[in-house]
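Okay, thanks everyone, I'll keep this short. Let me put the structure up and then we'll go through a few spots together.

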Amino acid sequence: EIRLSLVGSEMCIRDRDNQGVVMQYQVRPAVPADAPQVSQVILAALLASNAQDYPASVIERVQASFTPDAVRQLMQRRQMFVALVHGELRGTASLDGRAVRSVFVGPAYHGQGLGRQLMAAVEQAALDSGQTSLVVPSSVTAEGFYARLGFVRVREHYEGEELTLIMERALVAAETGPGLG
């Protein structure tokens, strides 16, 4: 059972987790005060997940790109969203033009739908800004996640030891008309 309600720019989703307990997710635009928690979530996800697919030198370089100050600077250039579970920040995703950037979910929340909800917010923001497709520079770690969302690998990009998979997906606006909307 999934219930969705929109309140202003906030989206609340109620879903059942593995223990049958209702978890409340909220996806909203990020604000500068979120930067320290966004940084923590990204660093935890990098160490728990991405470190399995990349050498330490790559992880260290990426970590340096996501300090709280760096996150605040990114907020000024991108549309950044955060996901909260029971009021605690547990994930983030950004939109930069038609590019999906920095999708990270805290390791304890992997596989529970939080990433999909963040991507839904990114997709809606892209549609609202007139985009017709999304591109994501994916890590090797996240390729399966994006593939399940309909993204297709179009090329590979190497920067030193770091392999990035460039994936794309067309956007389809929700149909509207009498009785729809």
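This is a predicted model: local features need pLDDT of at least 70, side-chain atom pairs count only at pLDDT 80 or more; totals for chains, interfaces and linings use all residues.

Let's start with helix α1, residues 35–48, and helix α2, residues 56–64. Their axes sit 10 Å apart, and the packing angle is about 175°. Anything over 145 counts as roughly antiparallel, so that's what we call α1 and α2 relative to each other. Who's making that contact? On the α1 side you've got L43, L46 and L47, and from α2 come I59, V62 and Q63. If you sort the residues of that contact, five are nonpolar, one is polar and none are charged.

Okay, α1 again, but now with helix α3, which covers residues 68–77. Here the axes come within 8 Å, and the crossing is at roughly 110°.

Last stop, T164, over in strand β9, which runs through residues 162–170. So, is T164 buried or exposed? The relative accessible area comes out at 13%, and the cut-off for buried is under 20%, so T164 is buried. And what's T164 in contact with, if we skip neighbours within four places in sequence? That would be P137 and S138, plus R155, E156 and H157.

How values were computed:
Residues are numbered from 1 along each chain as its sequence is written. Side-chain values use heavy atoms; hydrogens and water are left out. Axes are lines fitted to C-alpha atoms, for helices over the stretch in contact, and angles run from 0 to 180 degrees between N-to-C directions. Helices (H or I, at least four residues) and strands (E, at least two) are DSSP runs, numbered from the N terminus. Angles under 35 degrees count as roughly parallel, over 145 as roughly antiparallel, 65 to 115 as roughly perpendicular and the rest as oblique. Contact means heavy atoms within 4.5 Å. Ala, Val, Leu, Ile, Met, Phe, Trp, Tyr, Cys and Pro count as nonpolar, Asp, Glu, Lys and Arg as charged, and the others, Gly among them, as polar. Buried means under 20% relative accessible area, exposed over 50%, partly exposed in between (1.4 Å probe, protein chains only).
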